[in-house]
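Visitor: I would like to learn how to read a few features of a structure. Please show me the structure, then take the features in turn.

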Amino acid sequence: MSIQSTRKDLLIMAVFTLAVLTMPIWLDPIGAAYPDLLQKFAIFGIFAIGFNILFGLTGYLSFGHAVFLGVGSYSAVWSFKLLTMNVIPAVIAGTLIAGVFAVVIGFLCLRRSGIYFSILTLAFAQMSYNMAYSVLTPITNGETGLQLTQNDPRIFDAAAETTGLPITELFGMKLSGYPGFYFCAVLLIISFFISLRIFRSPFGLKLRAIKSNQVRMNYTGFNTRPYLLAAFVISGMYAGLAGSLMAVTDPLAGAERMQWTASGEVVLMTILGGVGTLIGPLLGAGLIKYFENIFSSYNEQVLHEIFSFLPDLFENIMVFVVNPFVGEGWHLTLGALFMVIVIFLPGGIMEGWTRLIGLFTKDRSKPDNNTPASAKAQTSEG
Amino acid sequence: MSDISRGKSGGVSRRSVLKAGAASGLVLATPTIFSSKAHAAGFRNDPGAAKSVTFGFNVPQTGAYADEGADELRAYKLAVKHINGEGDGGMLNTMKPLSLKGNGVLGKKVEYVTGDTQTKSDAARASAKRMIEKDGALMITGGSSSGVAVAVQGLCQEMGTIFMAGLTHSNDTTGKDKKRYGFRHFFNAYMSGAALGPVLEKEYGKERRAYHLTADYTWGWTQEESIKNTTEALGWQTVNTVRTPVGAGDFSQYITPVLNSGADVLILNHYGKDMINSLTQAVQFGLRDKQVNGKQFEIVVPLFSRLMAQGAGPNIKGILGTTNWNWSLTDAGSQAFVKSFGAEYGFPPSMAAHTCYVQALLYANACEMAGTFNPIPVIKALEGFKFDGMGNGATEYRASDHQCFKSVLVVRGNENPTSQFDLLDVVQEVPRSQVEYDPAIFGGELGPYEVAM
Amino acid sequence: MDAIVIQILNGLDKGGAYALIALGLTLAFGTLGIVNFAHGALFMMGAFCAVTVQKLLTISARVRDMSVTFFEAYKETPYLELWWGDTGTTIIEYSVPLSILIAIPVMALVGVVMERGLIRFFYKRTHAEQILVTFGLAIVIQEIIRHFFGANPIPQAIPEIVSGSANVGTMLGLSDTLVYPWWRLIYFCFATVVIGGVFAFLQYTTYGMVVRAGMADRDTVGLLGINIQRRFTIVFALAAVVAGLAGVMYTPVLPPDYHMGMDFLVLSFVVVVVGGMGSLPGAVAAGFLLGILQSFASMNEIKQFLPGIDQIIIYLVAVVIILVRPRGLMGRKGVMES
C-alpha cells in the first residue's frame, strides 16, 4: 500500500460518498429521485458489491445468492415482530443469520468449483425458495410474504400506543421515505469502503490468485478453501444486510426474493456493470432497477407527453415506435440492452467508461486490442 | 414527519426530544426540491387546487398473468374515460345510486399512471410505492393474484392510500389480512364453495367421493378448505387432498394416483397456468371417460375465467366452476359495460376487466359522495355502500370486512360455443343470501382509519 | 404395484422431456463450451412452431354470430374442414405431428443463424459474458413471441386415434386397471428415437467423430486443421433441432406459452450438471433418473412422511450427486472447470 494509492482510495471514497448522498438531486431529472427507488438503488448496490467480492475476486459464480437476501429479510422481519421496531437488531440479525447460512451452504458448495459450484448454490437456493413458498409457511407466510401485525409481541418495545402498524425506526426516527434512503446510503458507503479495503488487502490478492490459477496455489501448499469460504461468507453477509435493509424500508419478506430469477438478477447486475470492478456492480444494479421501475411505468399517455414537443405526426410516429419497448415491453428493452452491452463492451459498463476516459487522454495512440480488454477492465477499479 | 398522531401521551420525554431533533436534522438535510412534494396537507397526495387527480393502475404486465393484466388496464382506461365524461358513459348510465357527474371527480379530471406487478409481492409493492411517492397517486388498484393483493394492501394501509383490489380470490384478502384501506369487489373462495354446493348436489348427487389437487400456497389452501367444507356438508366424502407445487408444469405424477383411488370427482384448486395444465392432463389421462362406483367421473374447477377456458381449449367443455362475472349476462349494467368495452376494443371484457372497471368507478363515486379525496371520509362512504346496476345485481360493500356481497355465477364450459368468445355457460346466478357468511369466521382486523405518516 | 409401475411411466415420460432438453444443452456445453441460457427459448420456439402450424391449418371461415351485438363475434370453421370435410378435420388433428416436419428445418435455421450471428463471437469470451448475452437473447425471443401470440397458453390438439389411453396393464401382464395415455407413451418413444438418432449421428458419421473429438479436446482438434467452425455450426443447429422437437411434441401435454422456456431452463441445467459436464449419456441418464425420482417423491405415501419433498427432490438429488461424485454421474475431467 503506497501512500499514493491510499490517497487515491481516499479520493474515491470521498467522491463516492458525495455521489451517493446527493443521489436525490442528480437523479431527479431522469425521474428516479423518489424514496423507494433510491432505497432500491442502495440496497441492490450493497447486494451487488457483496456478490462481486465472491464472483469478481475469486471467479466463483454463485447462482443462489438470493437465498441470503431472503434469509436476511425474514430474519429482520422476525426481529421486528418479536423484539423491537428498532432497526439495529434487525440489521444485525439479518446479516448474522445470513452469515450462518452462508457458512453452511458455502462449506458444502465450495467442495466443487466451476459450473458444479454454480449448480450446487442454485440447488440450495431453489430448495429454500420452494420450502419457503409452501411447507415453511408458518415461518415465512408463504406466497403472501411475512408481514407485521399489530399483535406481534415485540418484547422490547413499550406497549404500542400508536394506532395502526408500527413503523421501523432508528431510536425514534422513522425509517420510511427519505430517512430510510439515507440509512441505506450510509450502510452502502460503509459496505463500499469495506469492499475497497478487501480489494486492496493481501486477502483480496490471495482471492485473485485463486481466480487466476487455483491449481498452482494448491500445489504450493496453500490451502485455498478457508479463503474461499471467507469470501463466500462475507458476500453472503452483504446479501443478508441487503435483505434486512429491504425489510427495514418495507417490512415485508416474500419467498420470491429467493427464487433463481432473483439470484440471476444479481449475476446480471454484476456482469452488466463490470465483473471485478469496484463500482461496476453498483451501476449494473442501478440500471436494472431503473428499467424495472421507470421503463415499466411508461404508457402511451406518458409517451405522448414526452414527445409532445414534436409536430403531431412525428409525435404519433415516435409513440408508435417506442411503445413496444416500454410499459409491458420493458423486458424486451432490458434483454436487448444486455446483448448490446456485452457484445460491444465485454467488460460491462465500466469498460465503456474506461474507453470513454481513454478517448480523452493521451493513451489514445495505443490501440485497444480486444483480448485483454476484459482483463484490463477487471483490474481497473475506480 | 409530524408527530401529531403519537402525541397523546403528553409531556416531553427524552425519547421524543431525541426524535424531534433527529427529525428536524433530517428535514434540514433533505434537499429543498422535495418540499413541494411533502405532504403538508392532512392526507397523502392531497390534490389541493390541482386540476387533476391521479389513479395508480398496478397490473401484471409481464409473467403468466400478463394477458389478464392487459385486460385490466383496458378496463381502467375505459373507466377513466367514462368518469371524465368521454365515450358513451358505460356503467355511469346504469349505476345506482350515482354521485358522479361525468366531469371527473369533484370537478377534477382523472389521470392515471401504470405499473407492472410482475405477479410478485416485492415488485408490486415497489410499483405501488412509485405511484404513491413519485406520481402522487391517490388510489392504487389492480392485480391478478391474492399474494400481490395482500402485499399491496398492507403497503397501502401503511401509506394511508386506498387500495381497490383487482382479481383476488383468497379468503385472506378480506379475512385474516383485511385492512381498513383495502377493498375487494371480487368474490372469494368461500363464496365459490357456497355457490357451487347446491349445484354440485343437483348435478352429481349426494354420494360422491372427492379428490383434491391443490396449488401449494395460501390461495389454494383457502379454496380447498372452503370447497371441502361445502362438499362434506352435502354428504360427500373427501378421499384425499394433495398439494402440488406451483408451476409444476407436468402434473402426471399427481393425477395418476387419482385413477385408482376410488374417487369419482376430481377438484382442481388451481388457477391460471397450473389449472390449464392440470385440467388438460387430467382429461388426457381419461378421467372424464371413467366410470367409478357406477357413476360418471367428474372434474370440478371451482374458480375459472374465460381466459383460462381459452387456454384449456376443448378440455373445459362441461366442467363446472364459478366466476365473478361473464360478458354474456343480460342485465343493464353488464350490457352497458360490454357495449362500451366492445366498441372500444372489439372483443368482450374478461371478469378481471369487469371487477377492475367497477372498482375504479366505485372509488371515484365514493370520493364524489364524500365531497373530498381525504381517504378517511372516502372509506366511510364505501363502507356499507349499497349499489346496483354494475353487473352483479344488488351489491353491498360490507363495512365489517370491506368485501362486496353480491350474486355469484356458477358456470359450465360451453359444449357448443357459437363464437370464439362464447366459452362459458351460466348455469345459475346464486343469490347473495346464499353465499353470505359471518365476517368473524376468518378473523383479522381492519385496523385504524388514521395512519401515521 | 400398479402405483409403482405407473409412477415409473410418469418418470420415464418426464425424463424423456428432461433428457431431450439436456441433450441439446450439453452438446453446446461440451463441444462449443457455450453456456447457453437461450436453450429454453429454443425449446419454446419449437413449441411455437406447432402453434404456428396449427394456426395456419385452422385458418377459418368466419360466420358472424348475430346474437352478439356489442362487438364482432364469429363462429369459426376452418377452411380445411369446409373444403375437405372429414379429411380436413383429420389433417387439423395431426397438426402436431405435421409440425415436426416444419420444426426440423426451421429450428436448424434458427440454430445456424444464432450460431453464426451471435454465439460464435463468444467462444473465447468468459462464461459470465456468455450467460449475459444468451440470457438477453432469451428475453428478446420470448418477448417477440409474446408480441405475436400473447401470454395465455394456447391449447394443442392430438390426433383422435391416440387421444385415449393404452391398457398398459394388460400389455405387461399386470392388472387391467393400469392405463396410460397413448400420447405420453408416444412421447417417450419419440424421445428415445431422437436420443438414439443423435447418438448414432455422433457415433457413425465423420461429423460426429470430430464433434466427439472436439468434446474431448477442443484445442487439439482445432490444431489438426479441421474446419472446426463449420462443425460447430452444425452441432449448434443439431442442439436447436433437438430442443425444438422436444418442444413440439410436448405441446399437447403442456399448452405452450411464451414463458415455458424459462420454466425449463434451470431444470435443464441441473440435469446436465448432474449427468456430468460434457457427457451425453450422462445427460440422458440424469434426465430419466430425475424424472423418475420426481415422480416417486410425489406419491402420497412418501409425501406423508416428508411433506414438500416433491418440491425439492430434484435439487436435493443434484446436491447429493455432485457432492458424492465430483463430476456428476459421468462427467469427465477438465470440461468447464476453468
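Guide: Start with contacts: two residues are in contact if their C-beta atoms, placed from the backbone, lie within 7 Å. The model here is predicted.

Visitor: How many residues of chain B are in contact with chain A?

Guide: On the chain B side there are 47 residues, and they meet 40 residues of chain A. The elements giving two or more residues to that side of chain B are α1 (14-29), α2 (66-83), β2 (109-116), α3 (121-133) and α4 (146-159). Of these, α3(B) gives the most, with seven residues.

Visitor: What is the make-up of the side of chain B that touches chain A?

Guide: That side divides into 18 nonpolar, 13 polar and 16 charged residues.

Visitor: How do I check a helix, and which span should α12 of chain A have?

Guide: The expected span is 1.5 Å times one less than the number of residues. Helix α12(A) runs over residues 260-273, 14 residues, so its span should be 20 Å; the end C-alpha atoms are 20 Å apart, which agrees.

Visitor: Is α12(A) mostly covered or mostly open, and what follows the helix?

Guide: Mostly covered: 13 of its 14 residues are buried. After α12(A) comes Gly274(A), with a positive phi near 130 degrees.

Visitor: Which strands form the open sheet in chain B, and in what order?

Guide: Three strands take part, in the order β13-β14-β15, with antiparallel pairing. β13 (386-387) and β15 (404-405) of chain B are the edge strands, each pairing on one side only. Between β13(B) and β14(B), residues 395-397, there are two bridges. Within this sheet, Lys386(B) stands opposite Glu396(B) of β14(B).

Methods. Residues are numbered from 1 along each chain as its sequence is written. Chains are lettered from A and ligands numbered from 1 in the order in which they are written. This is a predicted model: local features need pLDDT of at least 70, side-chain atom pairs count only at pLDDT 80 or more; totals for chains, interfaces and linings use all residues. Helices (H or I, at least four residues) and strands (E, at least two) are DSSP runs, numbered from the N terminus. Ala, Val, Leu, Ile, Met, Phe, Trp, Tyr, Cys and Pro count as nonpolar, Asp, Glu, Lys and Arg as charged, and the others, Gly among them, as polar. A residue is buried if 20 or more other C-beta atoms lie within 10 Å of its own, exposed if 12 or fewer, and partly exposed in between; C-beta atoms are placed from the backbone. Two strands pair if DSSP finds at least two bridges between them.
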